[in-house]
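Let's take a walk through this structure together, from its overall contacts to a few individual residues. Have the model open beside you as you read.

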Amino acid sequence: MDVSSFSYPASLVRRNPPANLLPGDEMCFIHELVRCFAAESVLNLRDVVVSGDGLCVVGQWGLPSPALVPPSLATPLRQRIKVAALVTRRVLRAVPATRCERVDRAILLTDAYFDGFFHWFGDVLPKVEALRQCLADVHDHTILMPASRHAAYVSESLAAFGLSCKVIPFGNAVLVERLCFIPRLSPTGNYRPELMRGIRAVMREKFAGPEAGIRLYVSRKEAPKRRLLNEPALESMLAGHGFTCVCMERLPFAEQVSLASRCEVLTGLHGAGLTHMLWARRNALVLEI
């Protein structure tokens with residue numbers, strides 16, 4: 001299948017309620033027990049400028065695409081300046097675009113609301129798995145990754161699929177003649193089980209560690225927000241129960257997956273670190289604080 005004709009079918013997902021659901025708490029979960037995900041198809045765009053901060057300008061007249069304008073540029077002044085600069089480059093052909101490279105065919109996976117570790121694996125990488133499951137031929141397209149969206153785990157997880165991306169530096173832009181934008185396949189924070197199982201299989205095959213089970217506590221002490229005030233006392237208590245305490249952001253991505261793949265118990269504060277439950281051993285226990 002050519003990427004330009006990619007589509008993913010609608011699906012109905014049925015989920016079991018939590019085993020320890022208390023009477024009166026049903027309304028917290030009932031709306032998620034049955035979910036219908038709509039069919040999604042690639043959006044084929046022509047003549048698109050993609051900048052290093054994630055802004056996309058589409059078409060001959062340089063109209064910004066609302067779905068592709070990142071929230072970091074949501075303030076009127078900053079957004080208008082960025083859009084005006086790209087529109088000027090696009091419309092006034094006589095003025096050459098500064099550091100603007102040309103690409104014939106490209107794929108854009110990220111959208112306006114992608115940001116961070118959890119959303120990469122929950123929202124964006126499922127698109128790659130869907131392309132793989134549909135046998136889409138992506139190797140004659142360049143996968144674009146604005147610098148504002150790029151991190152080491154992005155490149156390393158794409159490499160597990162046998163793919164690489166072209167990072168667009170801040171201050172630079174790429175003019176794409178034919179751009180395939182892959183839309184989100186499920187609402188953020190939700191998921192299609194078959195895609196998550198596929199991502200899990202690829203990462204575990206590439207990075208999984210020894211079978212010996214471990215207990216892992218994922219710390220947020222280096223996160224900019226939502227940290228535990230009494231974490232030293234908690235770590236001391238958990239160590240007495242055989243837990244290894246780790247800050248995942250200090251480790252290469254391959255080592256993060258290797259550690260998590262050995263987990264029989266994974267615990268941590270609500271946050272992106274618990275995304276690693278994806279790689280944990282089957283029937284592992286997850287404790288969210």
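Among contacts in the protein between residues at least 6 apart in sequence, 73% join residues at least 24 apart; here a contact means heavy atoms within 4.5 Å. The model is predicted, so local features need pLDDT of at least 70 and side-chain atom pairs count only at pLDDT 80 or more, while totals for chains, interfaces and linings use all residues. Residues are numbered from 1 along each chain as its sequence is written, and side-chain values use heavy atoms, with hydrogens and water left out.

The secondary structure comes to six helices and 15 strands. These are DSSP runs numbered from the N terminus, with helices being H or I of at least four residues and strands being E of at least two. Of the 289 residues of the protein, 45% count as buried. Buried means under 20% relative accessible area, exposed means over 50%, and partly exposed lies in between, using a 1.4 Å probe and protein chains only.

Let's begin with helix packing. Two packed helices are described by the angle between their axes and the distance between the axes. The axes are lines fitted to C-alpha atoms, for helices over the stretch in contact, and the angles run from 0 to 180 degrees between N-to-C directions. Angles under 35 degrees count as roughly parallel, over 145 as roughly antiparallel, 65 to 115 as roughly perpendicular and the rest as oblique.

Find helix 3 (residues 152-160) and helix 4 (residues 193-207), which pack at an angle of about 90° with their axes 9 Å apart. The two helices are therefore roughly perpendicular to each other. On the helix 3 side, E156, S157 and A160 take part, and they meet V202, M203, K206 and F207 in helix 4. By class, this contact has four nonpolar, one polar and two charged residues. For these classes, Ala, Val, Leu, Ile, Met, Phe, Trp, Tyr, Cys and Pro count as nonpolar, Asp, Glu, Lys and Arg as charged, and the others, Gly among them, as polar.

Which residues of helix 3 are buried? They are Y153, V154, S157, L158 and A160. Seen down the axis of helix 3, these buried residues fall within an arc of 150°, so they line one face of the helix. The arc is that of the directions from the helix axis to the C-beta atoms. The buried residues of helix 3 pack against helix 2 (117-133), strand 9 (142-146), helix 4 and helix 6. Just after helix 3, G162 takes a positive phi of about 80°.

Now follow helix 4 to another partner. Helix 4 and helix 6 pack at an angle of about 100°, with their axes 9 Å apart. That makes helix 4 roughly perpendicular to helix 6. Here M203, R204 and F207 in helix 4 meet F253, A254, V257, S258 and S261 in helix 6. By class, the contact has five nonpolar, two polar and one charged residues.

S261 deserves a look of its own. S261 sits in helix 6 (residues 253-261) and is buried, with a relative accessible area of 3%. Its side chain reaches the backbone oxygen of S258 at 2.8 Å. Not counting residues up to four places away in sequence, S261 touches R204, A208, G209, W279, A280 and R281.

Next come two buried loop residues. A136 is found in the loop between helix 2 and strand 9 and counts as buried at 14% relative accessibility. A136 and D2 are 134 residues apart in sequence and 5.6 Å apart in space, C-alpha to C-alpha. A136 also touches M1, V3 and L131, not counting residues up to four places away in sequence. N190 is found in the loop between strand 11 (173-181) and helix 4, and at 7% relative accessibility N190 counts as buried. Leaving aside neighbours within four places in sequence, N190 is in contact with R15, E32, R35, F37 and G122.

Finally, look at backbone angles in two other loops. R226 has a positive phi of about 55° although it is not a glycine. R226 lies in the loop between strand 12 (214-218) and helix 5 (231-239) and is partly exposed, with a relative accessible area of 39%. N283, also a residue other than glycine, has a positive phi near 70°. N283 is found in the loop between strand 14 (263-268) and strand 15 (285-288) and is exposed, with a relative accessible area of 71%.

How values were computed. Polar contact = N/O pair within 3.5 Å; in protein donor to acceptor, adjacent residues only side chain to side chain.
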